[in-house]
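Okay, thanks everyone, I'll keep this quick. Let me put the sequence and the model up, and then I'll talk you through what I looked at.

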Amino acid sequence: MSELAFLNGEFLPLNEARVSVEDRGFQFADGVYEVVRVYNGRAFYLAEHIKRLQRSASKILLSLPHSAEEFASICDELINRSGYKEAVLYIQITRGTAPRKHPFPSADVSPTVVLYIREFKPYPAEWWQNGVDTISLPDERWLNCDIKSISLLPNVLAKEQALRSGAFEALLFRDPDIVTEGSATNVYYIKRKTLFTHPATNLILSGITREVILRLASELGLTVRQEPQPLQRFKSADEVFLSSTTIEILPVRSIDGTLINNGKVPGEFTLKIHQLYKEEINRICGE
Ligand code: PDD
């Protein structure tokens with residue numbers, strides 16, 4: 001079992017993969033990416049991740065050098081060659097290597113294609129038992145958050161500030177108090193059997209996990225409302241949770257020190273949604 005990369009057509013050990021200092025990803029964060037979970041040796045919702053990669057690439061005017069089928073088969077080969085059953089696949093495409101100038105390089109410069117696989121290290125079970133703490137911070141990102149761009153400095157700074165305050169995640173708000181999403185997660189609250197989350201506009205990255213959650217919530221009989229909602233509503237909700245490919249569904253215990261539902265976390269529906277999500281994983285990636 002080994003960490004393995006695919007770099008511009010070649011499979012090699014991850015620690016031997018090298019890109020140029022003149023790669024536009026390194027110079028300008030000029031690229032897009034995806035993170036995919038592998039369960040039981042199978043990639044979960046891979047087609048949807050590749051579709052989103054294609055959408056992100058098209059929005060930054062980057063033409064991908066591989067078809068969706070080719071990307072899928074590279075992912076399969078990484079999984080098979082690595083031998084990992086529980087893993088994370090990372091995909092990153094940048095606008096290639098060229099002398100540092102702002103305009104796009106000439107058409108003969110090929111994009112840099114990097115995929116790699118790493119074993120998934122489980123997070124502490126305690127996070128799911130007690131929920132995680134969060135803080136709120138102004139959303140200082142650009143207006144194209146629907147693009148899964150590798151330009152993540154505001155996200156990284158927000159996450160770091162959360163960690164330094166002893167929290168797990170920063171909930172971002174804008175104009176003046178509408179919660180958009182977490183620094184690396186989508187966020188939801190439930191109040192009286194209605195689930196609220198920000199609509200899939202240019203102000204959030206609509207997660208692949210989010211799409212599944214909205215369907216599962218409806219199946220559970222929750223009303224789903226994709227509407228901008230102020231921070232205060234999250235704080236006074238019955239339940240608040242986060243989602244992403246790697247954390248799945250994670251209950252929130254507090255926001256800015258305010259306990260959700262007097263600290264009675266995880267909430268009933270958060271648990272049920274996560275249970276159904278695990279069943280979906282089993283259905284798709286099980287034996
Ligand atoms: N992040 N919003 C942001 C800003 C994110 O970075 C992510 C995921 C999500 C959730 O998307 P999904 O459900 O498709 O994983 C929402 C990934 C995991 C990352 O950057 O590591």
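**Charges, overall fold, and one serine**

So, charges to begin with: the protein has 33 positive side chains and 36 negative ones, and the centres of those two sets sit 4 Å apart. Keep in mind that this is a predicted model.

Now the fold. We've got 8 helices and 15 strands here. The C-alpha trace spans about 55 × 45 × 30 Å along its principal axes. How does the radius of gyration fit with a compact globule? For 287 residues you'd want something near 19 Å, and the protein has 19 Å, so that agrees.

On contacts, taking those with a separation of 6 or more, 72% are between residues 24 or more positions apart. As for burial, 51% of the 287 residues count as buried. The protein exposes about 13700 Å², and carbon and sulfur atoms supply 52% of that.

Okay, let's zoom in on one residue, Ser243. It lies in strand β13, which runs over residues 239-244. Is Ser243 buried or exposed? It's buried: the relative accessible area is 1%, and the cut-off for buried is under 20%.

And what does the Ser243 side chain pair up with? That would be the side chain of Tyr188, through a polar contact of 2.8 Å. Tyr188 also turns up among the contacts of Ser243 once you leave aside neighbours within four places in sequence.

Conventions:
Residues numbered from 1 in each chain as written. Predicted model: local features only at pLDDT ≥ 70, side-chain atom pairs only at ≥ 80, totals over all residues. Heavy atoms only, no water. Helix = DSSP H or I, 4+ residues; strand = E, 2+ residues; numbered from the N terminus. Rg over C-alpha atoms; globule rule 2.2 N^0.38 Å. Buried < 20%, exposed > 50% of the residue type's maximum accessible area, 1.4 Å probe, protein only. Contact = heavy atoms within 4.5 Å. Areas by Shrake-Rupley, 256 points an atom, 1.4 Å probe, with all protein chains shown as cover. Lys, Arg positive; Asp, Glu negative; His and termini not counted. Charge placed at Lys NZ, Arg CZ, Asp CG, Glu CD. Polar contact = N/O pair within 3.5 Å; in protein donor to acceptor, adjacent residues only side chain to side chain.
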